[in-house]
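I opened a new structure today and kept notes as I went. Here is what I looked up, entry by entry.

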Amino acid sequence: MNHSTVVLHSNLRRALLALLMCAAAISAADAAPQSDRKEVVGRARQRYYNLRQQGLIEFQTNIKPNWKLLLTGVESNAGSMKLLNGLRFSMSIDSESKFRMGYHADVTPPDQKSADRFDRIFKDMDEAVSRFIATWSIFMLTSPFPEIESDYDVIKVAGQYHFSQKSGANNVLTITDKDFMIIEIKVSGAGLEASLKPVLEKTTQGFILKGYAASYETPSKNTRLSARLDYQEISGLRLLREVNLDTVHEGKPAQMEWRFTDYQVKVR
């Protein structure tokens with residue numbers, strides 16, 4: 001494989017690191033201790049579109065990456081693009097919300113070095129998609145708010161709700177407006193400041209995640225990530241059509257785009 005594929009792997013790794021850091025920090029908002037604020041958190045949870053409540057049991061879909069976008073600014077040849085376009089990816093989420101990634105190559109790599117690079121790309125895509133889905137699932141499969149029986153504090157300040165909780169050594173603060181539309185989720189701890197600001201669409205079935213801006217800062221690392229999500233209706237459900245990700249990891253940018261096709265959906 002030529003230089004373009006080496007750069008692709010570097011860009012994919014950089015974008016992956018951004019996803020890993022932001023998702024790891026923000027996912028902590030789903031792990032809250034015990035509490036008694038049942039009425040407020042119950043109302044908040046009901047304001048969000050939830051695929052499970054809409055009848056989803058499980059689904060499977062193919063994922064097509066936009067390799068040209070990831071290689072923006074890098075000269076590539078027809079041979080390398082043919083090999084990359086021959087890589088196939090799929091994902092599934094079962095009834096227990098377990099994520100699985102599948103992949104294979106239509107074209108046999110020409111040598112062992114190329115085969116090793118294919119394996120690294122498969123691994124990086126697996127981790128990148130799984131980390132994105134971990135964040136997406138908080139809004140679309142479970143809830144960005146604590147379990148009703150969990151432990152947290154909630155106060156109303158100047159027309160906003162502040163949900164605060166501990167997650168291990170970190171503090172998690174979820175700020176919403178008076179209608180429980182999330183403005184920001186903040187995670188802070190020793191040497192860590194992370195944030196997720198969702199873009200939400202208000203529908204008759206609840207708020208739907210349409211994108212987000214996330215950041216992760218430590219004394220040695222600074223990561224930014226923005227995501228734009230587009231949906232399609234399948235079997236009466238809002239499921240992903242396209243995801244665009246812009247990342248900056250330690251000052252170096254990378255872009256990714258995935259299209260989701262050929263859904264197989266099981267509903268109640």
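Predicted model: local features only at pLDDT ≥ 70, side-chain atom pairs only at ≥ 80, totals over all residues.

**Entry 1: terms and overview.** I then looked up the secondary structure of the protein chain, and the tally is 5 helices and 12 strands. The chain has 268 residues, and 48% of them are buried. Its accessible surface is about 12,500 Å², and carbon and sulfur atoms hold 48% of that. I checked contacts between residues at least 6 apart in sequence, and 60% of these join residues at least 24 apart.

**Entry 2: the core.** In soluble globular proteins, nonpolar side chains tend to be buried together. I looked for such a set here. The largest nonpolar core holds 67 residues. Which members touch the most others? They are Phe132, Trp136, Phe139, Phe163, Leu240 and Trp258. Helix H5, residues 112–140, gives the most to this core, with 12 residues.

I picked Phe163 and listed its contacts, leaving out residues up to four places away in sequence. Among them are Val40, Val41 and Ala44. The list also includes Phe145, Tyr152, Leu173 and Phe180.

I went back to H5 next. H5 has 29 residues and reaches 41 Å from its first C-alpha to its last. That is close to the 42 Å expected at 1.5 Å a residue. At the start of H5, I found a side-chain oxygen of Asp111 within 3.3 Å of the backbone nitrogen of Lys113.

**Entry 3: Asn244.** I found Asn244 in strand E11, residues 237–249. Is Asn244 buried or exposed? Asn244 counts as buried because its relative accessibility is 12%, and the cut-off for buried is under 20%. The side chain of Asn244 makes a polar contact of 3.0 Å with that of Glu242. Not counting residues up to four places away in sequence, Asn244 touches Ser226, Ala227, Arg228, Met256 and Glu257.

Entry 4: Side chains of opposite charge can pair when their charged atoms come close.

Arg88 pairs with Asp106, with the closest N and O atoms 2.6 Å apart. Arg88 sits in strand E2 (residues 87–93), and Asp106 in the loop between strand E3 (99–105) and H5. The two are 18 residues apart, and the pair links distant parts of the chain. Arg88 is partly exposed at 36% relative accessible area. Asp106 is partly exposed at 44%.

Asp246 pairs with Arg228, the closest N and O atoms being 2.9 Å apart. Asp246 is in strand E11 and Arg228 in strand E10 (residues 222–234), 18 residues apart. Asp246 is partly exposed, with a relative accessible area of 23%. Arg228 is partly exposed at 42%.

Arg241 and Asp230 meet in a salt bridge of 3.0 Å, N to O. Arg241 lies in strand E11 and Asp230 in strand E10, so this pair ties together parts 11 residues apart in sequence. I noted Arg241 as partly exposed at 30%. Asp230 is partly exposed at 33%.

Key:
Residues numbered from 1 in each chain as written. Heavy atoms only, no water. Core = buried A, V, L, I, M, F, W, Y, C linked by side-chain atoms within 4.5 Å. Buried < 20%, exposed > 50% of the residue type's maximum accessible area, 1.4 Å probe, protein only. Helix = DSSP H or I, 4+ residues; strand = E, 2+ residues; numbered from the N terminus. Contact = heavy atoms within 4.5 Å. Polar contact = N/O pair within 3.5 Å; in protein donor to acceptor, adjacent residues only side chain to side chain. Expected span 1.5 Å × (residues − 1). Areas by Shrake-Rupley, 256 points an atom, 1.4 Å probe, with all protein chains shown as cover. Salt bridge = Lys/Arg side-chain N within 4 Å of Asp/Glu carboxyl O.
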